[in-house]
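Here are my notes after a look through this one.

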Number of protein chains: 2
Amino acid sequence: MTGDDRLLPILRRVDQLREATQPWRRAGETIGLVPTMGALHAGHMALVARATAECDRAVATIFVNPKQFDRKEDLSRYPRDEARDARLLAENRCDLLFAPGVDQMYPQGFAATVGITGVSDVLEGLYRPGHFDGVTTVVCKLLLQSLPDRAYFGEKDYQQLTVVKQMVRDLDIPVDIVPVATVREPDGLALASRNVHLTPAQRQVAPLLHRVMTEIAEELSDGQTPAALLLPEGQQRLGSAGFTKIDYLALHAADTLEPLQHVDRPARLFAAAWLGKTRLIDNIAVDPR
Amino acid sequence: MTGDDRLLPILRRVDQLREATQPWRRAGETIGLVPTMGALHAGHMALVARATAECDRAVATIFVNPKQFDRKEDLSRYPRDEARDARLLAENRCDLLFAPGVDQMYPQGFAATVGITGVSDVLEGLYRPGHFDGVTTVVCKLLLQSLPDRAYFGEKDYQQLTVVKQMVRDLDIPVDIVPVATVREPDGLALASRNVHLTPAQRQVAPLLHRVMTEIAEELSDGQTPAALLLPEGQQRLGSAGFTKIDYLALHAADTLEPLQHVDRPARLFAAAWLGKTRLIDNIAVDPR
């Protein structure tokens, strides 16, 4: 299927989005939302596939949200190619692309923040101040603009998924948040838009993040050796493998994201590590044996 | 009309509220929401009257929201009489009362805050730390729980109305916020649930707040004498009249709530003043001549 002949409406304004989705809702059709920052890859397409399979209509959004970037440089070099993204979405049977500008999302005098404490305070929250406030504020807006039945989030950003679930529960946003498993390259590297920044040499090193994490997770899952012993060793291995800086390699409860010493309940191993100017994050499940 | 024979369902849980309102929405009926903290009076009934006049269905909520009380004493002595409130709402042709408990609104592990900067930072925001975060968080929840077409707020709490309007705009909450004029006693005192706390002597003094404000507003509206000259004089008059403390008497722009010196655009005169343990607030329009 080439899909080149499919029509994908691209809307820029909230009123247009509402006008387009209201007839669907009135007809009793379900809507699946896939919020993205563009630079789409097979990981995003896994979200779209779930949305099209489970809902009558699939809406994707592309908005590179300045509020969730803690570093200006990261925002300015974030990859963007809307024409290519739109082709991919059309080929994958998306019904609509909502791609608003910054002025549409944050008009003059914008003054709101949706904040979540607890699950947003650990891991990325410690390394990217303000990041999750930016995420929850924009996701809240996107959910209320499109009023989907379900919204799809990748487990690649597991903490984000957890924070969004907490927000939806606490604010009574009428939507089901659906987690979708991380999509990986054959060598284990988690797909990420920022991977395009990796040099060929860095690309060689990158899959070692997942490999080391998998090995450590295996050792942790017996519940015997505490995280405090295994994780520093893992950090050392990542350093030797060529990662220039390791922000964290950490074991947390899968639901509350509390730090864990032993895998005595469903857990998750999280890592953030740098290759030059590019920061990779990943996480995998660690279940008690 | 006695209304005693009307049936007013009282619901305690969000899922019940959704179950009750969804058929209305599906049938294309419009829903008007009147969020209250109970202790209902004619001011609330003016909101209900607008809701029943403009919408097919009127839903009232009663929730004494602990998050918006900055003083524990104020929370504990806040007047409550649900049976009486329910009778009043039934008589006034309300379709439904949603009266959740604190556990339903803020379940174990609740972690969300909706915050608005700017319009919430002046006036009450300076005297009641955290108050507006509590208001916006609960109003956001109530709006998303009931998904009304319109929600009605009294101008008595003009700053609250402004903060809620800002939140609804910024977060794209799909609802129209409808302001309703303050209802007053014949002597000018703005109706307020807390007025029941006034002793007969204090009740005599209370209407002087509105009287002095009206006189000051008259003087301000010619745009000549600056607020900095007229307002201290007004404060002095309130003090002489018997108010035991004046938190503020201040002129602000009607839309942005910026402080004003001259009434060169639609403005609002705000006051907060104490009679013993009871704090009264009021505000009136001051339009340029």
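1. A definition to start with: a residue counts as buried when its relative accessible area is under 20%, and as exposed when it is over 50%. Keep in mind too that this is a predicted model.

2. With that cut-off in hand, take the pair A:Asp247 and A:Arg279, which are both buried. Their side chains meet in a salt bridge, 2.8 Å from N to O. The pair links distant parts of the chain, since A:Asp247 sits in strand S8 of chain A and A:Arg279 in strand S10 (residues 278-286), 32 residues apart.

3. Chain B has a salt bridge between B:Asp247 and B:Arg279, with the closest N and O atoms 2.8 Å apart. B:Asp247 belongs to strand S8 (residues 245-253) of chain B and B:Arg279 to strand S10 (residues 278-286), so the bridge ties together parts that are 32 residues apart in sequence. B:Asp247 has a relative accessible area of 10%, so it is buried; B:Arg279, at 13%, counts as buried as well.

4. A:Arg237 is partly exposed at 25% relative accessibility, and A:Glu233 is partly exposed at 35%. Elsewhere in chain A, a network of salt bridges links A:Asp70, A:Arg71, A:Asp74, A:Arg128 and A:Arg194. Over all chains, the count comes to 48 salt bridges.

5. Now the interface. Chain B and chain A each put 26 residues into the contact. The buried area is about 2,000 Å², with carbon and sulfur atoms giving 54% of that. On the chain B side, B:Ala111, B:Leu171 and B:Asp172 supply 27% of the area this chain buries against chain A, more than any other three residues.

6. How many salt bridges cross between chain B and chain A? There are two. A:Lys141 makes a salt bridge with B:Asp172, where the closest N and O atoms are 2.6 Å apart. The two chains also share 20 residue pairs in polar contact. Helix H1 (14-26), strand S5 (112-116), helix H7 (131-146) and helix H8 (158-171) of chain B each bring at least two residues to the side touching chain A. That side divides into 13 nonpolar, eight polar and five charged residues.

7. S5 deserves a look of its own: strand S5 (residues 112-116) of chain A pairs with S5(B) in the antiparallel sense over five bridges. A:Ala112 has B:Ile116 as its bridge partner there.

8. B:Gln145 is in helix H7 of chain B and is buried, at a relative accessible area of 1%.

9. Two backbone spots to check by eye. Most residues other than glycine have a negative phi. A:Ala39, in the loop between strand S2 (31-36) and helix H2 (42-54) of chain A, has a positive phi near 50°. A:Leu257, in the loop between S8 and S9 of chain A, has a positive phi near 60°. A:Ala39 is buried at 14% relative accessibility, and A:Leu257 is buried at 1%.

Key. Residues numbered from 1 in each chain as written. Chains lettered and ligands numbered in written order. Predicted model: local features only at pLDDT ≥ 70, side-chain atom pairs only at ≥ 80, totals over all residues. Heavy atoms only, no water. Contact = heavy atoms within 4.5 Å. Buried area = accessible area lost by both parts, 1.4 Å probe. Salt bridge = Lys/Arg side-chain N within 4 Å of Asp/Glu carboxyl O. Polar contact = N/O pair within 3.5 Å; in protein donor to acceptor, adjacent residues only side chain to side chain. Helix = DSSP H or I, 4+ residues; strand = E, 2+ residues; numbered from the N terminus. Nonpolar A, V, L, I, M, F, W, Y, C, P; charged D, E, K, R; others polar. Pairing = 2+ DSSP bridges. Buried < 20%, exposed > 50% of the residue type's maximum accessible area, 1.4 Å probe, protein only.
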